[in-house]
Each structure stands twice: as structure tokens, then as C-alpha cells.
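User: Hi! Could you walk me through this one? I'd like to start with pockets and then look at helix packing.

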Amino acid sequence: MTAVPETAFPSSPDPVPPVTAASWPGLVSAVADECLAVLLKGAGQDWSRRAGGLDWTCRQTLDHLALGLIGYAGLLIARPRDRYITLFASLDPHASVPECLEGLGIAASLLSVTVRDTAADVRAWHPWGHSDAVGFAAMGVVELAVHTYDITRALGLPWTPPGEPSAAALARLFPDAPPGHDPSATLLWCTGRISLPGMPRRTEWRWYGGAA
């Protein structure tokens, strides 16, 4: 994977205000819009390349994203206590990249609306902790941000995750995140994408989605 130079991130990150529960649906939508816009710029390139350091191609990574976002919405709707839902979403393997991006946008919208309409006391199963709507929204933000990063690295598109949603996702899902770094860089470090000064790239990682 191509490393992002430290100069790509602010040396003294500005403080990011806390995100309220009511802001998360809009945050999911805003991150999705930004990710889809940059991915569309590379629609004409070779999407059979491996995405970043993943075993998936860029095209397969889009399918993983659609599956994940629909899955998070479905978990909040079905609210299972001990398993994943039985609905699996996938993109048409014969569709063009722009058409696949349309499908990904639909998946993000469904998650955003579901988060908006889910009561704060609802909990649903996830292997990394039974979570609430905010937790699943944060998971969606992380999936979109880091996998868009993976794909843009493979396609040679300069892009890093936006700061505010990165900071919000870190606060919700990564209690072990190191302080004092740009939130975009910290999110990429927490998910094993890059190193930070004095901190080597992670080879194993997880988030903590559980809610009280």
C-alpha cells in the first residue's frame, strides 16, 4: 500500500466539536456523498486492481461496502440478539462502475434513514459488540472512509477521509485511539492503513461498538 506522507495531514489538528446523536444520519450521508464523488472520478480506470492492502479488487470492495451498509441497517431493523441478519445485499456484477456507485449511494441512504428512525434505546447484535444506532452509523462512516481510501490508493486518486466524521467515529468506536494527531490520520492508523510518528502500522485491529 502506498503510504500517505505526513504532510497530507495538519501538524496541529483543530479541535472538532462533539457530534450529537441527531447529527449522525446527516454525517453518514455527507461521508457517502464525498466518497462517491471521488470514486466517480476514477470510474474509467481498472477496477480489477487490488484495493490498497486488501485481498479484494476495487470492484469487490464496492460490493463489500454495499453489503456492510445494508447489513447495518438490517441489524437495526431486525434487532437480532445473537446472529447476523439473513438478508445479504450485492451489486449487479454486470453493472458499470457508475451504476455500482449508485447502488452504494442507495445503501448509504438506507442506513442513514434507518439510523434516523431508530430509538436511542434499541440494541442489535454485532460481533464486535451489541450496538445502538449511533454505533452502527459510526461503523458505516468507518467502512465508507477506509475503503474509499483503499480504492483511491489503488486508482492513484489523492484523497483522505474528512476530519469531522473521522473524529466522531474515533470517539464512538476507538477508545484506544492515540491523542494529539489529525483525526483522519488517526482513523487510518486505527484501521491498519498507515503508520503514525513513532507508531508502526497496525497488523491487527478492531473497533468497539458495544453500547450500554
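This is a predicted model: local features need pLDDT of at least 70, side-chain atom pairs count only at pLDDT 80 or more; totals for chains, interfaces and linings use all residues.

User: Which residues are closest to its centre?
Analyst: Trp128, Glu143, His147, Arg193 and Trp205, out of 22 residues that line the pocket.

User: And which elements give two or more residues to that lining?
Analyst: Those are α2 (58-78) and α4 (133-155). The largest share comes from α4, with 5 residues.

User: How does the lining split by class?
Analyst: There are 12 nonpolar, 6 polar and 4 charged residues in the lining of the largest pocket.

User: Switching to packing: at what angle do the axes of α2 and α4 cross?
Analyst: They cross at roughly 175° and come within 10 Å. Angles over 145 degrees count as roughly antiparallel, so α2 and α4 are roughly antiparallel to each other.

User: Which residues make the contact?
Analyst: Among them are Leu62, Leu65, Leu69 and Tyr72 of α2, and Phe136, Glu143, Leu144 and His147 of α4. By class, the residues of this contact divide into 14 nonpolar, 4 polar and 1 charged.

User: Nice. How many aromatic pairs does the count come to?
Analyst: The count comes to 6 aromatic pairs. One of interest here is Tyr72 with Phe136: the ring centres are 5.8 Å apart and the planes are at 45°, so the pair is tilted.

User: Where do Tyr72 and Phe136 lie?
Analyst: Tyr72 is in helix α2 and Phe136 in helix α4, so the pair ties together parts that are 64 residues apart in sequence.

Note on methods: Residues are numbered from 1 along each chain as its sequence is written. Side-chain values use heavy atoms; hydrogens and water are left out. On a 1 Å grid over the protein atoms alone, a cavity is a set of points where a 1.4 Å probe fits but cannot get out, and a pocket is an open set with protein on both sides within 12 Å along at least five of seven lines; lining residues have an atom within 4 Å of a point. Helices (H or I, at least four residues) and strands (E, at least two) are DSSP runs, numbered from the N terminus. Ala, Val, Leu, Ile, Met, Phe, Trp, Tyr, Cys and Pro count as nonpolar, Asp, Glu, Lys and Arg as charged, and the others, Gly among them, as polar. Axes are lines fitted to C-alpha atoms, for helices over the stretch in contact, and angles run from 0 to 180 degrees between N-to-C directions. Angles under 35 degrees count as roughly parallel, over 145 as roughly antiparallel, 65 to 115 as roughly perpendicular and the rest as oblique. Contact means heavy atoms within 4.5 Å. Rings of Phe, Tyr and Trp (its six-membered ring) pair if their centres lie within 6.5 Å; planes under 30 degrees apart count as stacked, over 60 as edge-to-face and the rest as tilted.
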